[in-house]
Amino acid sequence: MKTTIDIPDNELEDAMRFTNAKTKREAVVTAITDFNQRKRMAGLIKHAGTCSALITPEILQEQRRQR
């Protein structure tokens, strides 16, 4: 999708340097991809440790011994 945006030069230069991008487009796509991945991970972290259906390592070991 083509989009025209005004990005401050210093921010774009930093993005290119931090991402090792050779083009402005590559820097922007990499930055957006990284941002989206971080937001997805933050959403998953909210649920960390909330699943009561998981068994403890001790219960798993006991079940393995019974076989």
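Helices (H or I, at least four residues) and strands (E, at least two) are DSSP runs, numbered from the N terminus.

**Setting up.** I am working from a predicted model, where local features need pLDDT of at least 70 and side-chain atom pairs count only at pLDDT 80 or more, while totals for chains, interfaces and linings use all residues. Residues are numbered from 1 along each chain as its sequence is written, and side-chain values use heavy atoms, with hydrogens and water left out.

**Ile55.** I looked up Ile55 and found it in the loop between H2 and helix H3 (57-65). Leaving aside neighbours within four places in sequence, I see Ile55 in contact (heavy atoms within 4.5 Å) with Leu60 and Gln63.

**H1 against H2.** Next I checked how helix H1 (residues 9-19) meets H2: their axes come within 9 Å and cross at roughly 75°. That makes H1 roughly perpendicular to H2. For my own reference, angles under 35 degrees count as roughly parallel, over 145 as roughly antiparallel, 65 to 115 as roughly perpendicular and the rest as oblique. The axes are lines fitted to C-alpha atoms, for helices over the stretch in contact, and angles run from 0 to 180 degrees between N-to-C directions.

Who touches whom? On the H1 side I listed Leu12, Ala15, Met16 and Thr19, and on the H2 side Lys24, Ala27, Val28 and Thr30. By class, this contact has 5 nonpolar, 2 polar and 1 charged residues. Here Ala, Val, Leu, Ile, Met, Phe, Trp, Tyr, Cys and Pro count as nonpolar, Asp, Glu, Lys and Arg as charged, and the others, Gly among them, as polar.

I then picked two residues of H2. Thr30 is in this helix and, at 32% relative accessibility, counts as partly exposed. Its C-alpha atom is 6.9 Å from that of Thr19, 11 residues away along the chain. Arg25 also sits in H2, but at 64% relative accessibility Arg25 counts as exposed.

**Asn20.** Which loop holds Asn20? I found Asn20 between H1 and H2, exposed at 64% relative accessibility. Its phi is positive, about 55°, although Asn20 is not a glycine. Most residues other than glycine have a negative phi.

**The largest pocket.** Last, I looked up the largest pocket, which holds about 360 Å³ of space. Of its 13 lining residues, the closest to its centre are Met1, Thr3, Ile5, Arg25 and Val28. Helix H2 (residues 24-45) gives the largest share of the lining, 5 residues. For the terms: on a 1 Å grid over the protein atoms alone, a pocket is an open set of points where a 1.4 Å probe fits, with protein on both sides within 12 Å along at least five of seven lines, and lining residues have an atom within 4 Å of a point.

Conventions: Grid points are joined across faces, edges and corners, and a volume is the space filled by probe spheres set on the points. Buried means under 20% relative accessible area, exposed over 50%, partly exposed in between (1.4 Å probe, protein chains only).
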